[in-house]
Amino acid sequence: MVAKFQALKGTRDIMSPDSERQRALVDAFAEQARLAGYGHIMSPIFEDLGVFLRVGGSTDVVTKEMYDFEDKDGKRIALRPELTASVVRAFVQHNPPSLPWKVWYEGPQFRHEKPQAGRYRQFSQVGIEVLGSDDPAVDIEVITLGWRFYQSLGMSQVSLLLNSLGDETCRPAYFAALEEYLRDNAANLSEKSVETLEKNPLRVLDSKRGQDQEIVAGAPIMVDYLTEETGEHFAAVREGLDSLGISYEISPRLVRGLDYYTRTTFEFASTALENAQNAVGGGGRYDGLAESLGGKPTPGIGFALGVDRILLACDAEGVFEHAGAVPDVFIVDDVGGGEATVLADQLRSHGIAADRGFDGRSMKAQMKVANRSNAPWAIIIGETEQADGTVTLRDMHGDTGQTLISRDDLPNELSQRLGETSR
Ligand code: AMP
């Protein structure tokens, strides 16, 4: 026997019914995006490595976890670790005429992380990005869309953490204060954080290492350094959320995993999940990103939500269950000779989901498969039925037993009965 292969560490085959559930989740997200006027963008899953180096040069996501390689032309390529940079690259490339440009996306991302429950090397995200407006009403729309999406799945144990990371007008004073504080306390910081401090002091606040927590807890906070304008912007975002009844917690040490965030930043956490992997989404403003990718200065904001983790949170809450693909009818063919092939084709062309038995198996074996398929109806073609131009229609879940139906009437009769049960 030759050796078998396995899916690589940190990757999974997502199969029915989980795969259908994941698609249903993406559909639910697409519906929220449609309701709010967002167009769909599908960008490549690999990009010029430079796109990510430019936007996240001091982050773990880019420097440590990225799948990057040289292709056959010697070009440096990266599998995308996230989609904001790709979408902004697309915005700069295509320069859409009408602003704000509002898009949504879904798809796989790749990060070479240590796999554990809720943390994979290939995982899926859904998200939105808005470029071309810094109106706080956009921030409110973006955060609300995420919030309503979780609600649409039936999730109720989601908390919203909110912060403002300021902008170039307030950052110099804050960075100076933060740097001074961290340097004064460097002796008690982990070696890794001392290293990070040299590159980007803000990132030290994102440290999850136990040794750093006390110092991080006492660090100066950005919201105390906001200029009047940035402070007013943040206040407007909070007021808007208040007016919609969306509750949030101000989280002054919330910094995100990438460097480009400015002003409004937020994270959604599931209180139904274990603490370490409870982030089910996050995002924020990135007003300097388009310019750093070679475009005109253009404000932007967006978020990405982790599909795999949202589904774990749904499991924990016992919501958004999905039965997978269930046919409307299962055809059991006891005579052979192509009858089931013609019938299945005919029913499918009438929009009826029809599965069937194969391999000339016994009636009993086919009935077992019909049961397992969970189809509400079975059609049985026996010798008598074939001779009479009829089929037997059996109610698999209800109590109407079985009826003999003329072959010609079957599509209409079945459509009617399916309509009745779905009502
Ligand atoms: P980030 O861009 O890191 O803020 O990620 C946004 C969301 O994607 C997170 O809140 C998680 O729900 C999800 N996510 C990030 N990394 C992973 C991963 N390695 N595996 C599964 N989900 C992830």
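Predicted model: local features only at pLDDT ≥ 70, side-chain atom pairs only at ≥ 80, totals over all residues.
## The three-stranded sheet

Three strands make up an open sheet in the order S2-S4-S3, and their pairing is antiparallel. Strands S2 and S3 stand at the edges with a single partner strand each, so one side of each is left without a neighbour in the sheet. On average, and with direction ignored, neighbouring strands of this sheet are turned by 35 degrees against each other. Helix H2 packs on the sheet, where it touches S2, S3 and S4, and the direction of H2 makes about 75 degrees with that of S2.

The pairing can be followed residue by residue. Strand S2 (residues 46-48) is joined to strand S4 (residues 76-79) over three bridges in the antiparallel sense; Phe46 stands opposite Leu79 in S4, and Glu47 has Ala78 of S4 as its bridge partner. Strand S3 (residues 68-70) also pairs with S4 in the antiparallel sense, over three bridges, and here the bridge partner of Phe69 is Ile77 in S4. A hairpin is formed by S3 and S4, with five residues between them, and Gly74 in its turn has a positive phi of about 80 degrees.

## Packing of H2 with H4

Two packed helices are described by the angle between their axes and the distance between the axes. For helix H2 (residues 49-56) and helix H4 (residues 84-94), the packing angle is about 110 degrees and the axes lie 10 Å apart. Because angles of 65 to 115 degrees count as roughly perpendicular, H2 is roughly perpendicular to H4.

On the H2 side the contact is made by Val51, Phe52 and Val55, and on the H4 side by Ala85, Ser86 and Arg89. Sorted by class, the contact of H2 with H4 has four nonpolar residues, one polar residue and one charged residue.

Which residues of helix H14 are buried? In this helix (residues 363-373), the buried residues are Gln366, Met367, Ala370 and Ser373. These residues cover an arc of only 115 degrees around the axis, which puts them on the same side of H14. An α-helix has 3.6 residues a turn, so residues three or four places apart point the same way.

The buried residues of H14 pack against strand S12 (329-333), strand S14 (377-381) and strand S15 (390-395). By contrast, the face of H14 turned away from its buried side carries Lys364, Lys368, Asn371 and Arg372, which are exposed. Just after the helix, Asn374 takes a positive phi of about 70 degrees.

Technical notes
Residues numbered from 1 in each chain as written. Heavy atoms only, no water. Axes fitted to C-alpha atoms, helices over the stretch in contact; angles between N-to-C directions. Helix = DSSP H or I, 4+ residues; strand = E, 2+ residues; numbered from the N terminus. Parallel < 35°, antiparallel > 145°, perpendicular 65-115°, else oblique. Contact = heavy atoms within 4.5 Å. Nonpolar A, V, L, I, M, F, W, Y, C, P; charged D, E, K, R; others polar. Pairing = 2+ DSSP bridges. Buried < 20%, exposed > 50% of the residue type's maximum accessible area, 1.4 Å probe, protein only. Arc of directions from axis to C-beta.
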